[in-house]
Amino acid sequence: MARRIDVTGTGGVRLAAWEFGDPPKTDPAQGAHGGHTAPEGSPGVLLLHGLMGRASHWASTARWLSARYRAIALDQRGHGRSDKPPRGSFTRDAYVDDAETALEQLGLAPVVLIGHAMGALTAWQLAAKRPDLVRGLIICDMRASALGGASQREWGQWFESWPLPFATLADVRKWFGEDDPWVERPNPARGEFYAEVMAESPDGWRPVFEPEQMLRSRETWVYDAHWEELAQVRCPTLVVRGLDGELGRAEAQEMVRVLPRGQYAEVADAGHLVHYDQPEAWRAAIEPFLDSLGDH
């Protein structure tokens, strides 16, 4: 079960947060944990998706976390069910401030932040800015180095190559899982990932986000390196990469070295969408780190 909680981000943007697991039961006869859900007062986890993602991409992770934590995934601005203001701000500050505000409104702090790609960058920037709110951090497949203008141009060309609208969800799965020129080999999990961010419109299936807003979001980080912010993160931090992901091993290990309390893990047979490609191996990679943080 996922329960929607509306929070208000910076500039009044309405954000959809999703709490996974059954609401804690207060009847003593039901037991302290209310089945598979953590008891009231349990430590919080906030999950932040990557660019073009949505909170539901974290569903399998959040469900097993919910036995021990209050696990909430956030649709970030421009994504999922959250607002997509045409003239809204899509800066790094806006994303970080949204996450900070969500933590405070949801009463999750001190929290464990788990972020994928852009969400991981938001997570470590928030951890550097507000160490009082964050007790642990997991960074999944996000680079700290600058990606540069060529990368941004490639993304623009990639969006233009999408054969929109898709006639069916099966066409979405096939194109992103097999036919997309960015796919090196067939990847059904990638097809499912993108099917989850499509919605039916009168002429077919289109993304729930505006590609132009995604490019605006991306351009606020691709030209800059983010090592200095990593060095300011005081809490224990796990850097996780997929063996075939976008974060190379050498860079990941340098990130661990720069982090004051960094640790490293990698997931075999996984690409950039680590938690989506290999959910069981992802769990095995992060659970020992979570155990090391304790429950308070």
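Modeller: Let's start with the largest pocket, which holds about 1,100 Å³ of space. On a 1 Å grid over the protein atoms alone, a pocket is an open set of points where a 1.4 Å probe fits, with protein on both sides within 12 Å along at least five of seven lines, and lining residues have an atom within 4 Å of a point. Grid points are joined across faces, edges and corners, and the volume is the space filled by probe spheres set on the points.

Colleague: Before we go on, what kind of model is this?

Modeller: This is a predicted model: local features need pLDDT of at least 70 and side-chain atom pairs count only at pLDDT 80 or more, while totals for chains, interfaces and linings use all residues. Residues are numbered from 1 along each chain as its sequence is written, and side-chain values use heavy atoms, with hydrogens and water left out.

Colleague: Back to the pocket. How many residues line the largest pocket, and which lie nearest its centre?

Modeller: There are 40 lining residues, and Arg190, Asp244, Glu246, Gly271 and His272 lie nearest the centre. The elements giving two or more residues to that lining are α4 (149-161), α6 (188-195) and α10 (274-277). Helices here are DSSP runs of H or I with at least four residues, strands are E runs of at least two, and both are numbered from the N terminus.

Colleague: Which element gives the most to the lining?

Modeller: That's α6, with four residues.

Colleague: And what's the lining like by class?

Modeller: It has 18 nonpolar, twelve polar and ten charged residues. Ala, Val, Leu, Ile, Met, Phe, Trp, Tyr, Cys and Pro count as nonpolar, Asp, Glu, Lys and Arg as charged, and the others, Gly among them, as polar.

Colleague: Tell me more about α6. Why is α6 largely enclosed?

Modeller: Because six of its eight residues are buried, α6 is largely enclosed by the rest of the structure. Buried means under 20% relative accessible area, exposed over 50%, and partly exposed in between, with a 1.4 Å probe and protein chains only. The buried ones are Ala189, Arg190, Gly191, Phe193, Tyr194 and Ala195. They pack against α4, α5 (169-179), β7 (198-201) and α10.

Colleague: What caps the N-terminal end of α6?

Modeller: Asparagine 187 does, with a side-chain oxygen 3.2 Å from the backbone nitrogen of alanine 189.

Colleague: Is aspartate 291 buried or partly exposed?

Modeller: Aspartate 291, in helix α11 (residues 279-293), is partly exposed at 44% relative accessibility.

Technical notes
Contact = heavy atoms within 4.5 Å. Polar contact = N/O pair within 3.5 Å; in protein donor to acceptor, adjacent residues only side chain to side chain.
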